[in-house]
Amino acid sequence: MNDDDFIARVRAQLTGLSSADRQRALDDLADALVELGGPDQAVLGAPEEYARAVRDALTEPDDPARARWTPLGLPVEVRVPDDARLLARSFDPRNPALLSPRLFGGGWAVNWGAVAVRLHLLRPDDVDEEVLAAVPRTAMIAARAVPLAVSAAALGVLAARWRSVPDRVPTGWSVGGRPNAWGGRGSLVATAVVGVVPALWAQLPVPGNGERLVRSGRAASAAVLSAASLAATLAAVRDAGPGPMPGTGAHGTQVPRTGLLVPASLPLAGATMLAVVVLPVRAGLRAVWRARGAAGDAGSQRADAQGRGPHDDGPDGARSRSTEPRSNDPRQGGDPR
Amino acid sequence: MGRDDRVAQLRKGVLELAILAILDRGEAYGVQLVELLGRHPGLAATAGTVYPLLARLDKAGAVHTRWLESPSGPPRKYYRLSADGRASLRASTASWRELSRAMNELLEVQP
């Protein structure tokens, strides 16, 4: 292999780098090859190994909790969402940050795992693969049924009221909750679809109960928001009689503020997301506690809440460090496992 | 990568060894580990750093976990070293000593 072959093979492995970084790395390599008098693989390693070392040195490890770009400090994500990022951003109790970069687009979204920890629903390290695997099947089915049920109910109400819906319906709301934009009644169908599509997305078979629960939770909150938006529109056209024409709502104080239903439903959507994820996780936790013998009152003499535990029984050298076998917890005779 | 990120990367590698060393002295739960690390100012770390490291150690089989009744609230997850973790601690300790001796020599201010 000559210099050019070596460089070409390294170049082929550096596709992930920016063109400036790649060019600089390849220029440096060309200089090194001149200095070494040829591609000595005993010194440089194989082209693939050399390329890996360059990539490691020039790229940051991909942290699924971080956005790819942060212009002016605002996170912007343009990669297609995957399940690792879905979990790391929507529900990661280990990460204490309440806001995480949005899964797609600019700005932030709520890390519901941190919310659950703040509300003392979970401890940060409660959720692991064992716990997720222990979530009862019925809880998994129920979690996935929630978005379906909410969006199906909304669709049902829409279908039942369809004949009485006027041709023009509100499609936008003022800050005060009064209609300020109008459109055809087909927009109601579009609003319903906003709830139905995520509900169907949550039914797709994905590996891992964690991913399934987070998908269900996100779909459930989308279904709640869609249902609230539908309810606001249906209530407006019912209360306002047979279709006020565009513009009449702007000055009429008698127009009801039904649009306020949409912001009012935001906390409900959040609570739904939390419930759909946390209730099954807690069921899984209880199953693990039962299996591991911690749910009873064993060890009731355990120390108080000020961070005392087995570790305080002499971690600072009081115990002889050469004693074998070592007991990790002198108070508890044996390992329950 | 900024300077702060580099320092964070450097500490992350060391924190893992620090956690292994603390767990070698006895089992502990998450918040307690954060507190025990905090007793050494150079090693103070947030829960947001420690919990992911614990998850990684658990996944790698370096720690065993068990749930123990807590006087305040639901059962807590306790971590302790596995045989693998102890072996990894021994190996890492040896390389740490070697590394820190070399680095001290290298960084020492020449008179």
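## Helices α1 and α2 of chain A

In this predicted model, Asp3(A), Phe6(A), Ile7(A), Val10(A) and Arg11(A) of α1(A) are in contact with Arg22(A), Gln23(A), Leu26(A), Leu29(A), Ala30(A) and Leu33(A) of α2(A), contact meaning heavy atoms within 4.5 Å. By class, seven of the residues in this contact are nonpolar, one is polar and three are charged. Ala, Val, Leu, Ile, Met, Phe, Trp, Tyr, Cys and Pro count as nonpolar, Asp, Glu, Lys and Arg as charged, and the others, Gly among them, as polar.

Two packed helices are described by the angle between their axes and the distance between the axes. Helix α1 (residues 3-13) of chain A packs against helix α2 (residues 19-36) of chain A at about 155°, and their axes are 11 Å apart. Axes are lines fitted to C-alpha atoms, for helices over the stretch in contact, with angles from 0 to 180 degrees between N-to-C directions. The two helices are therefore roughly antiparallel; angles over 145 degrees get this name, those under 35 are roughly parallel, 65 to 115 roughly perpendicular, and the rest oblique. Their crossing is right-handed, which is to say that the near helix is turned clockwise from the far one by less than a right angle.

## Helices α1 and α4 of chain A

The axes of α1(A) and helix α4 (residues 47-58) of chain A come within 8 Å and cross at roughly 50°. That angle makes α1(A) oblique to α4(A). Phe6(A), Arg9(A), Val10(A) and Gln13(A) of α1(A) meet Pro47(A), Glu48(A), Tyr50(A), Ala51(A) and Arg55(A) of α4(A). This contact has five nonpolar, one polar and three charged residues.

## Chain A as a whole

Chain A has 11 helices and six strands; helices (H or I, at least four residues) and strands (E, at least two) are DSSP runs, numbered from the N terminus. Of its 337 residues, 40% are buried, that is, under 20% relative accessible area with a 1.4 Å probe, protein chains only.

## Strands β2 and β3 of chain B

Five of the six residues of strand β2 (residues 63-68) of chain B are buried, so the strand is largely enclosed by the rest of the structure. β2(B) pairs with strand β3 (residues 76-81) of chain B in the antiparallel sense over six bridges, where pairing needs at least two DSSP bridges. Leu68(B) stands opposite Arg76(B) in β3(B).

## Conventions

Residues are numbered from 1 along each chain as its sequence is written, and chains are lettered from A and ligands numbered from 1 in the order in which they are written.

Terms used
This is a predicted model: local features need pLDDT of at least 70, side-chain atom pairs count only at pLDDT 80 or more; totals for chains, interfaces and linings use all residues. Side-chain values use heavy atoms; hydrogens and water are left out. Buried means under 20% relative accessible area, exposed over 50%, partly exposed in between (1.4 Å probe, protein chains only).
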